[in-house]
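Subject: Structure handover

Hello,

Here is the structure you were expecting, with the sequence alongside. Please open both before reading on.

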Amino acid sequence: MDRIVILGGGVGGTLTANLLARRLGDRIARGEVDITLIDAQGAHVYQPGFMYIAMGGEREERLSRPERSLLDAPINLIVDTAVRIAEAARTIVLASGAILPYDYLVLATGSRIVPEEIPFYVRRLTGGWQVICWALVLSAPLTATVAGVAAATTGLHAGPTAWLGFAYVSVVSMFLGFFAWYAGLARGGVARVGQIQLAQPVLTLGWSALLLGESVTVLTVGTALAVLASVAATQRAR
Ligand SMILES: Cc1cc2nc3c(=O)[nH]c(=O)nc-3n(C[C@H](O)[C@H](O)[C@H](O)COP(=O)(O)OP(=O)(O)OC[C@H]3O[C@@H](n4cnc5c(N)ncnc54)[C@H](O)[C@@H]3O)c2cc1C
């Protein structure tokens, strides 16, 4: 008897098992061929549906079916995890300790996402604040050099108030502000919270008029209102 073992009950394994069972139906009926599918979960998950979960149009439980219900009757199903393939002996060792012999083996165990292996990939686990700090440390040699050259060649002169303002923008707006901003994005969602940034021109106008006494023309007010109207329109269109 020819023993066909298929490892994996995803799209690849399930299709292969059913196609083989249909092609070899006569030989299976005569006891000449045996088809066994091994799957770790015992459930088939329709992965393309994941996208619809993200968009809120699908539920997780609707994307999974018992593997048995998808396999043709003559196919044997073993729900277990293969831990080793002994090629020379033509056997598969399962997590339960069982050893399954095969004559033909189909490997359909899918793939695993390993983003850490992408060069320069920053792992999500690294955390936002570490990324911000490392970005500043790594860019410091460049920014310090450019600032030094600019200061030396342009005869930089600034009073204490200007330096205080510079320090405030550097430490509070460009450094500490990021912590609050990214924490807000993480909590409320990038798409929703990111819209707040569009209110920046309006706030800038308001504060510049209030704190610095700058004149606000009809044109600038009109532009600010147009920006606000676009934000409101995009929110309603979602
Ligand atoms: C969001 C998303 C959208 C997609 N959209 C499309 C699309 O539009 N069109 C398209 O063609 N493809 C699409 N794909 C890809 C497609 O879903 C996959 O390529 C396909 O599901 C892979 O099937 P597979 O059988 O190779 O692996 P899998 O479906 O991953 O199945 C592998 C099976 O092997 C089992 N297994 C693994 N290791 C062992 C072990 N040691 N012992 C026992 N069992 C084991 C697992 O339990 C699993 O059931 C999409 C994927 C995703 C995530």
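What follows is a short account of what was found, taken region by region.

Please keep in mind that this is a predicted model. Every value below was computed from it.

The ligand

The ligand is surrounded by 20 residues, and the closest are Gly8, Gly10, Gly12, Gln47 and Gly110. Two or more residues of this shell come from each of helix 1 (11-23), strand 2 (33-39) and helix 3 (50-54). Helix 1 contributes the most, with three residues. Sorted by class, the shell around the ligand holds nine nonpolar residues, 10 polar residues and one charged residue.

Helix 1 also contains Arg23. With 11 other C-beta atoms within 10 Å, Arg23 is exposed, since the cut-off for that class is 12 or fewer. Arg23 and Pro115 are 92 residues apart along the chain, and 39 Å separates their C-alpha atoms.

Strand 2 and its neighbours

Strand 2, which gives residues to the shell around the ligand, is mostly covered, with five of its seven residues buried. Strand 2 pairs with two other strands, described here in turn. With strand 1 (residues 2-7) the pairing is parallel and runs over six bridges. In this pairing Ile4 is opposite Ile35 of strand 2. With strand 5 (residues 76-79) the pairing is also parallel, over four bridges. There, Thr36 has Asn76 of strand 5 as its bridge partner. When you look at the side chains here, recall that in a regular strand they alternate between the two faces of the sheet.

Strand 6 (82-86) and strand 7 (91-94) run antiparallel and are joined by four bridges. Arg84 is placed opposite Val93 in strand 7. Four residues lie between the strands of this hairpin, and Arg90 is in that loop. Which residue of the hairpin takes a positive phi? It is Arg90, with phi near 55°. Most residues other than glycine have a negative phi. Arg90 is not a glycine, yet its phi is positive.

Helix 6

Helix 6 covers residues 160-188. Helix 6 has a bend of about 45° at Gly177.

Is helix 6 covered or in the open? The number of buried residues among its 29 is zero, so helix 6 lies largely in the open. Ala167 is one of the residues in helix 6. Ala167 counts as exposed because it has 10 C-beta neighbours inside 10 Å. Ala167 and Gly177 are 10 residues apart along the chain, with 13 Å between their C-alpha atoms. After helix 6 comes Gly189, which has a positive phi near 95°.

Helix 8

Helix 8 (residues 200-212) includes Gln200. From its first C-alpha to its last, helix 8 reaches 17 Å over 13 residues, close to the 18 Å expected at 1.5 Å a residue. Helix 8 is hardly covered, and the count of buried residues among its 13 is zero. Gln200 is exposed because it has 10 other C-beta atoms within 10 Å. From Gln200 to Val227 there are 27 residues in sequence, and their C-alpha atoms are 9.7 Å apart in space. Helix 8 is followed by Gly213, with a positive phi near 70°.

Best regards

Definitions and conventions: Residues numbered from 1 in each chain as written. Predicted model: local features only at pLDDT ≥ 70, side-chain atom pairs only at ≥ 80, totals over all residues. Near = placed C-beta within 6 Å. Nonpolar A, V, L, I, M, F, W, Y, C, P; charged D, E, K, R; others polar. Expected span 1.5 Å × (residues − 1). Bend = angle between axes of the 7 residues up to and from the residue. Buried ≥ 20, exposed ≤ 12 C-beta atoms within 10 Å, placed from the backbone. Pairing = 2+ DSSP bridges.
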